[in-house]
Amino acid sequence: MPELTDSRLARPAGPAKPLQVIVASAAVREAPDASARLSTQALLGEIIDVFDTKGAYSRIRCRRDHYVGWVSTDSLSPAITTPTHKVTALRTFAYTAPDLKSPVNAMLSLGAQLAITGQEGDYARSEQAGWVHARHLAPLGALETDAVAVAERYLHAPYLWGGRDSLGLDCTGLTQQAFESAGVLLPRDSDLQFAWGGDDIAGWNVSGTLKRGDLVFWKGHVGVMTDAHHLLHANAWHMAVAREPLDQAIARIKTQYAEPLGARRIDVEKRAGQVPHWMAEPVA
């Protein structure tokens, strides 16, 4: 199991100041530079803790999964509004007025959080972004009943290392987004998901053993089964979220990289609301 000294998760030194993401998607990078590698993304409305600043960047830790990195300070605000709703469509527009012909303020991805203050016709008004179609929203606590169906909404979305929004995401961004919608917050990286994400499936590689929702892992990679024989995963071969026969994926990845590590089955009711020990420490 990972330790809290892991650089991906370790709380930076010093006092924490909570700020809120005010852009559709804030890039969390490995270093305070626009050219640094993307670690993950924080979506609109998320609260993050800021520990230090360097130039135009702030060193932060995401409250949702304790991931650490650097974010452009301009994408954050000390004025925090309490979210009431979340985006449930894969992506949606936020308009300047409750009218689909009005100018667009932003394009929001599934999971973005909004403070809704009113509604006019089919449109709900959010303090952060403007007017969003009400049928693309749900109360913050509403849960999906099928995490895989959420993952399938991302089919053909481009592959992006470190991404977790609808314009581009990686393998763990896909599984994290899908299962969080059903109430299970998985850690951000595949080794962390493998360590905590569910129960080991004995004999998983026997045909017919796996079922919808099971996670199959390689070193540095994960995908989710849509049925007993097909894997959905964001991957660098297709450079997109793709669905393919599991046997085909195993054979290709074996020749290029490695054998699979195993498979995990998540009991959603059991896992809902639980977090790993490294995410249970105080955030501030």
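Are Tyr 95 and Tyr 123 buried or exposed? In this predicted model, both Tyr 95 and Tyr 123 are buried. Their rings form an edge-to-face aromatic pair, 6.0 Å centre to centre with 85° between the planes. The pair links distant parts of the chain, since Tyr 95 belongs to strand 9 (residues 91-95) and Tyr 123 to strand 13 (residues 123-126), 28 residues apart. Together with Phe 93, these two tyrosines make up one aromatic cluster.

The structure holds 3 aromatic pairs. Another of them joins Phe 194 and Phe 217, again edge-to-face, at 5.1 Å centre to centre and 65° between the planes. Phe 194 is in helix 3 (residues 190-196) and Phe 217 is in strand 19, so this pair ties together parts 23 residues apart in sequence. Phe 217 is buried, at 0% relative accessibility. The ring of Phe 194 also has the charged end of Arg 264 over it, 3.8 Å from the ring centre. Likewise, the charged end of Arg 271 sits over the ring of Trp 196, 4.3 Å from its centre.

The largest nonpolar core has 26 residues, and Tyr 154, Phe 179 and Val 224 are among those with the most contacts inside it. Elements giving two or more residues to this core include helix 1 (147-153), helix 2 (171-180) and strand 20 (221-225). A second, separate core of 12 residues includes Leu 210, Met 225, Ala 249 and Ile 250. Residues touched by Val 224 include Val 148, Ala 151, Phe 179 and Leu 231.

There are 0 disulfides. The sulfur of Cys 62 has its closest cysteine sulfur in Cys 171, and at 17 Å that is too far for a bond. Cys 62 is buried, with a relative accessible area of 3%, and Cys 171 is buried at 6%.

Key:
Residues numbered from 1 in each chain as written. Predicted model: local features only at pLDDT ≥ 70, side-chain atom pairs only at ≥ 80, totals over all residues. Heavy atoms only, no water. Disulfide = S-S within 2.5 Å. Buried < 20%, exposed > 50% of the residue type's maximum accessible area, 1.4 Å probe, protein only. Core = buried A, V, L, I, M, F, W, Y, C linked by side-chain atoms within 4.5 Å. Helix = DSSP H or I, 4+ residues; strand = E, 2+ residues; numbered from the N terminus. Contact = heavy atoms within 4.5 Å. Phe/Tyr/Trp six-rings, centres within 6.5 Å; stacked < 30°, edge-to-face > 60°. Lys NZ or Arg CZ within 6 Å of the ring centre and 35° of its normal. Lists of a residue's contacts leave out its neighbours within four places in sequence.
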